[in-house]
Amino acid sequence: MDYMAHYERSPSLNSQGLHFHDYFEFYFHIKGGRLYCVDDNVFELKTNHLIIIPPLHMHGLVCDRDLVDYQRAWLYLTPETLSKCGFEKFDLSTRLEEANKNHSFANQLGPEDSKIFISYVQEIEKMPQKKGPAELLSDYSKILKILEIVERNLTSGSKLSAQKLSHNPMHNVLHYINEHYSENLSIKELSSHFNMSESSLSHEFKKYSNKGLYEYILYKRIIKAKELLFTDMNLTQIALECGFNDYSNFLRVFKKLSGTSPKEYKKWH
C-alpha cells in the first residue's frame, strides 16, 4: 500500500521492540510510553511527541515490555508516495533524511496540531480499503495537512533532545553493535568487552530491546545490505561487506527478514 494510518489506545500492550521497515513512519506518542530509540538516539517520550523515522532505521520502544494505558497514532508513507506529495517542487524524502542526520526529527506538537494529527489519522484509517477517486483525494488532503504540520514543526517546533542513558549499559552495547555489526561479532566477544557474563548480557539486551543479540546484529546487516543493493557491488561482495561469511547464509537471512530475495527486493524498489 502507498500509505497506512493507525490510531491505538490499549489498556495493556506488549511492545514489539526494535525493528525497521522500508517506508517513512510518522510516530505520534500520546501517552503511556517511556523511552523510544532511533538508531543511537534514545528519547524520553513526552505527551504529543512526534518522531519521524526514515526507511531502514532501527527504531522502537525500549525498556517497555508491557505498556499500560498506551496511546499512539502513526502514519506510514512509502518514499514514492512522499515524493509525490512534494509536487516536484521540493524533495520531502531528502528533507526528512537530512532531519534524521541532523538529529532534528523529534518534536513536541502543540495542542491544535496534535488534535489535527490524531483526527486525520483516525479518519484515514476508517476509509475503506477499496477507494474511488473521491476517497483517495480525501485521504491525500489529510496526508498533505499532516505533512504541513511536520514541515512547520521541523523548522520552528519544540525540538526534543536525545537522552544519554549512562545508567543503562545496554545502550552502550547497542551503540557498539551499531558501529561493529559487519565484523565477526559473537556473544562471547561482546560479554568480554562489556565485562558481563554471556547469560546476563543476552538477558539484559533482550529485556532492553525485545530482540536477541544475534537477531539484532542480523537486522543491522540486512539494513546495510539493502542500501548496498543500489550500488555497483555484486551480491557476494555485499554479503561479505555486511559481515556474512558466504552468499548462501546471506540469502537465507535476507529472505527470512525481508520476505523476499535481494534480487526481487531491488527489482521492486
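**Helix packing and salt bridges in a predicted model**

Helix H5 (residues 169–180) and helix H7 (residues 198–209) pack at an angle of about 90°, with their axes 10 Å apart; H5 and H7 are therefore roughly perpendicular to each other (a term for angles of 65 to 115 degrees). This is a predicted model, in which local features need pLDDT of at least 70 and side-chain atom pairs count only at pLDDT 80 or more, while totals for chains, interfaces and linings use all residues. Residues are numbered from 1 along each chain as its sequence is written, and side-chain values use heavy atoms, with hydrogens and water left out.

Where the two helices are in contact (heavy atoms within 4.5 Å), Met 170, His 171, Val 173, Leu 174 and Ile 177 of H5 meet Leu 201, Glu 204, Phe 205 and Tyr 208 of H7.

Side chains of opposite charge can pair when their charged atoms come close. With a salt bridge taken as a side-chain nitrogen of Lys or Arg within 4 Å of a carboxyl oxygen of Asp or Glu, the count comes to 12. In one of them Glu 8 joins Arg 72, the closest N and O atoms being 2.7 Å apart; Glu 8 lies in strand E1 (residues 3–14) and Arg 72 in strand E7 (residues 66–77), so the pair ties together parts that are 64 residues apart in sequence. Both Glu 8 and Arg 72 are buried (under 20% relative accessible area).

Note on methods. Axes fitted to C-alpha atoms, helices over the stretch in contact; angles between N-to-C directions. Helix = DSSP H or I, 4+ residues; strand = E, 2+ residues; numbered from the N terminus. Parallel < 35°, antiparallel > 145°, perpendicular 65-115°, else oblique. Buried < 20%, exposed > 50% of the residue type's maximum accessible area, 1.4 Å probe, protein only.
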